[in-house]
Amino acid sequence: MIQIKDLHKSYKMGKNSLHVLKGINFNVEEGELVAIMGSSGSGKSTLLNILGMLDSSDSGAYILDNVPIKDLNETKAARYRNKFLGFVFQSFNLINYKSAAENVALPLYYQKVPRKERQEKALKYLEQVGLKEWAGHLPSELSGGQKQRVAIARALAAEPKVLLADEPTGALDSKTSYEVMDLIQKINDAGNTILIVTHEPDIADMCKRIVHLKDGVIIEDKKIEQVRAEQYV
Amino acid sequence: MFNRDRWKEILEVLSSNVFRTLATSFGVGWGIFILIILLAAGKGLENGIRADFGDIATNTMFMWSRNTTLSYKGLPKGRRFSFKLEDVQAIKDNVQNLRFISPRNQLGGFGGGNNVVRGLKTGAFNVYGDYPEIIRQEPMTITSGRFVNYNDILGKRKVAIIGNGVKNELYNKGETVLGTYIKIQGVNFMVVGTYQKKDDGGGEEGQKEIYVPFTAFSQAFNMGNNVGWMAITALDGSSISNLKEKIVSVVKDKRKIHPDDKRAVGYFDLYEQYNRVESLFSALRWVAYFVGVLVLLSGIIGVSNIMLIVIKERTKEIGIRRALGEAPWSIKKQILMESIFLTIISGMIGIIFGALFIYGVNAVLDSVGPVDMFVNPSVSLGVVVTALVILIFSGLLAGFIPAQSAIKIRPIEALRTE
């Protein structure tokens with residue numbers, strides 16, 4: 001699903017150049033649930049931004065679902081993001097004057113899905129994350145866990161190839177974190193490919209594979225026995 | 001464009017901070033209001049001055065004879081001369097694009113003595129010997145009977161068309177006028193018509209005139225072939241101002257006047273006067289547009305400013321949308337539409353208030369009676385359409401910079417957690 005070869009990225013800061021990614025190589029197969037771990041400054045967010053086409057690499061190849069991702073202009077990047085990727089953020093990033101259902105329907109709107117179909121799909125995904133009754137509520141009326149579930153529903157709505165989650169549990173208490181991880185595991189069980197950036201070991205243990213980043217290189221890449229989140233809920 | 005979700009969003013955004021939206025729209029509304037008021041005031045002045053011109057054919061010159069000031073072909077200077085009927089024909093033959101040439105002879109005049117008698121009543125009136133065309137150059141309404149026609153001219157009939165002012169002085173109220181006789185300088189003329197002229201600011205003078213056929217006049221008052229005065233109108237599309245030199249030179253040639261004698265032939269070019277006033281009006285219009293658009297500009301800058309702030313506030317939201325896959329042009333379109341929508345709505349409000357204001361002014365003008373040189377201030381549909389075009393354009397202008405800055409926001413920066 002994802003192939004990355006020899007990925008380099010550096011940031012210019014005045015005269016100094018900061019080499020953040022120093023040759024990353026890894027592949028993700030369909031249906032995997034991968035945790036990308038590392039301390040801050042390890043380059044994990046940069047990697048995720050490149051994977052999410054929010055940032056571009058200096059050199060190296062990135063192939064997503066057999067499509068080489070390169071020479072993107074903003075319009076093309078926007079289209080690819082919409083088609084291939086679903087985002088889940090630490091701070092949820094819901095649009096606060098739109099109801100839960102409207103938030104979920106947003107990526108479909110950019111795909112020019114007809115209004116009625118959009119609403120039906122939004123309700124379907126809200127139901128999947130257990131928030132159908134909250135469809136008409138604004139984000140300000142939802143709890144943190146509920147917001148993150150709406151965000152996950154939104155990420156799923158466009159039926160992306162890969163779900164990218166940047167510290168999805170970073171702003172949640174541990175009980176709510178496990179609920180969200182339980183949801184993510186169930187979505188993964190249904191066959192979706194998911195990448196999670198986290199620095200919490202217990203969250204990483206709930207994935208199927210852990211990629212450890214340090215100072216811009218992968219120092220460890222191992223498959224693990226998944227800990228199910230259900231038992232903590 | 002007619003996308004329900006897009007419009008919903010525009011309304012959501014604009015209604016999220018009602019006071020700010022109102023304050024912003026006030027700037028644009030005010031600008032359009034000023035523009036409309038200025039244009040209406042200019043129009044009022046224009047209407048007032050145009051009313052003074054009345055329905056007179058404005059593409060007209062008047063020409064009369066004076067004394068020569070240069071000797072020529074053995075004739076002395078200081079010579080009195082008069083136009084002749086054959087000059088009229090000569091002008092017709094030599095100058096193209098003329099519509100009417102009306103020769104006229106005249107009795108009486110400003111402050112003249114009594115010259116018209118009917119029974120025991122007398123009065124002092126201007127008496128004109130005219131051709132039928134004069135009614136096209138100096139419009140009047142025939143209130144009863146008829147005007148001079150060519151049968152009168154050919155038959156040298158002694159008939160007269162009198163003004164309402166004449167009628168009031170010579171006749172009792174309710175008396176039959178048509179078919180009666182009046183005595184002009186001792187010669188009887190039968191009244192065959194009455195007329196009324198539009199009040200042109202000249203007071204009663206215009207109503208106190210008597211028109212008789214040119215030929216009958218010449219015969220009755222011993223004018224021979226002489227012509228005292230001519231009204232010459234050019235065809236629409238060619239200006240009398242360009243033809244007058246030629247006309248004057250034809251007449252000078254016929255009357256043996258030195259070509260360089262500038263004072264022998266007197267003339268008044270109504271069209272030139274009219275054009276001068278016309279150019280004043282267009283200058284006024286330009287001033288109105290200039291001032292109005294400048295005031296509007298400050299409103300537009302206000303809108304642009306607010307849009308920039310709105311975008312600053314929505315940076316994160318725009319980042320999210322970008323991350324979810326909204327195309328840059330779609331964001332741009334959204335911002336532009338918000339800005340145009342805001343400008344048009346506030347402009348409409350300005351137009352409505354402007355119209356109400358003009359309506360009020362008209363009501364006041366109606367109640368206090370006519371004001372000199374100011375009649376019916378108004379704006380035409382054309383002006384409103386122009387204003388709308390200006391608004392749409394200004395909306396685009398106001399939204400352009402903010403829209404540009406909106407698409408410059410990179411999602412990665414917008415999403416960076418605090």
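**View 1. Helix 3 of chain A and what covers it.** The cover over the buried residues of helix 3 of chain A includes helix 2 (74-84), helix 4 (115-128) and helix 5 (144-157) of chain A. Helix 1 (4-15) and helix 10 (315-324) of chain B also belong to that cover. Helix 3 spans residues 100-110 of chain A, and ten of its eleven residues are buried. Among them are A:Ala100, A:Asn103, A:Leu106 and A:Tyr110. After helix 3 of chain A comes A:Lys112, with a positive phi near 60°.

This is a predicted model: local features need pLDDT of at least 70, side-chain atom pairs count only at pLDDT 80 or more, and totals for chains, interfaces and linings use all residues. Residues are numbered from 1 along each chain as its sequence is written, chains are lettered from A and ligands numbered from 1 in the order in which they are written, and side-chain values use heavy atoms, with hydrogens and water left out.

Helices (H or I, at least four residues) and strands (E, at least two) are DSSP runs, numbered from the N terminus. Buried means under 20% relative accessible area, exposed over 50%, and partly exposed in between (1.4 Å probe, protein chains only). Contact means heavy atoms within 4.5 Å.

**View 2. An open four-stranded sheet in chain A.** The strand order is 2-1-4-5, with antiparallel pairing. Two strands pair if DSSP finds at least two bridges between them. Strand 2 (16-28) and strand 5 (67-68) of chain A are the edges, each pairing on one side only. Helix 1 (residues 44-51) of chain A packs on the sheet. This helix touches strand 1, strand 2 and strand 4 (59-64) of chain A. Its direction makes about 115° with that of strand 1 of chain A (axes are lines fitted to C-alpha atoms, for helices over the stretch in contact; angles run from 0 to 180 degrees between N-to-C directions). Ten bridges link strand 1 (residues 2-13) and strand 2 of chain A. Across that pair, A:Ile2 stands opposite A:Val28.

**View 3. Strand 9 of chain A and its partners.** Strand 3 (residues 33-37) and strand 9 (residues 209-214) of chain A run parallel, joined by four bridges. Here A:Ile36 has A:Val211 as its bridge partner. Strand 9 also pairs with strand 10 (residues 217-223) of chain A, antiparallel, over six bridges. A:Ile210 is partnered by A:Lys222. Strands 9 and 10 of chain A form a hairpin with two residues between them. In the turn, A:Asp215 has a positive phi of about 50°.

**View 4. A nonpolar surface patch on chain B.** The patch covers about 820 Å². Its residues include B:Leu38, B:Phe290, B:Leu294 and B:Phe393. Helix 9 (270-313) and helix 12 (381-408) of chain B each give two or more residues. Helix 9 of chain B gives the most, with six. B:Leu294 lies in helix 9 of chain B. This leucine is partly exposed, at a relative accessible area of 45%. Patches are made of residues with over 30% relative accessible area and no salt bridge; like charges are joined within 9 Å, nonpolar side chains (Val, Leu, Ile, Met, Phe, Trp, Tyr) within 5 Å. A salt bridge is a side-chain nitrogen of Lys or Arg within 4 Å of a carboxyl oxygen of Asp or Glu.

**View 5. The surroundings of B:Val116.** B:Val116 sits in strand 4 (residues 116-118) of chain B. B:Val116 is buried, with a relative accessible area of 0%. Its contacts include B:Phe125, B:Val127, B:Leu170 and B:Ile184.

Key:
Areas by Shrake-Rupley, 256 points an atom, 1.4 Å probe, with all protein chains shown as cover. Lists of a residue's contacts leave out its neighbours within four places in sequence.
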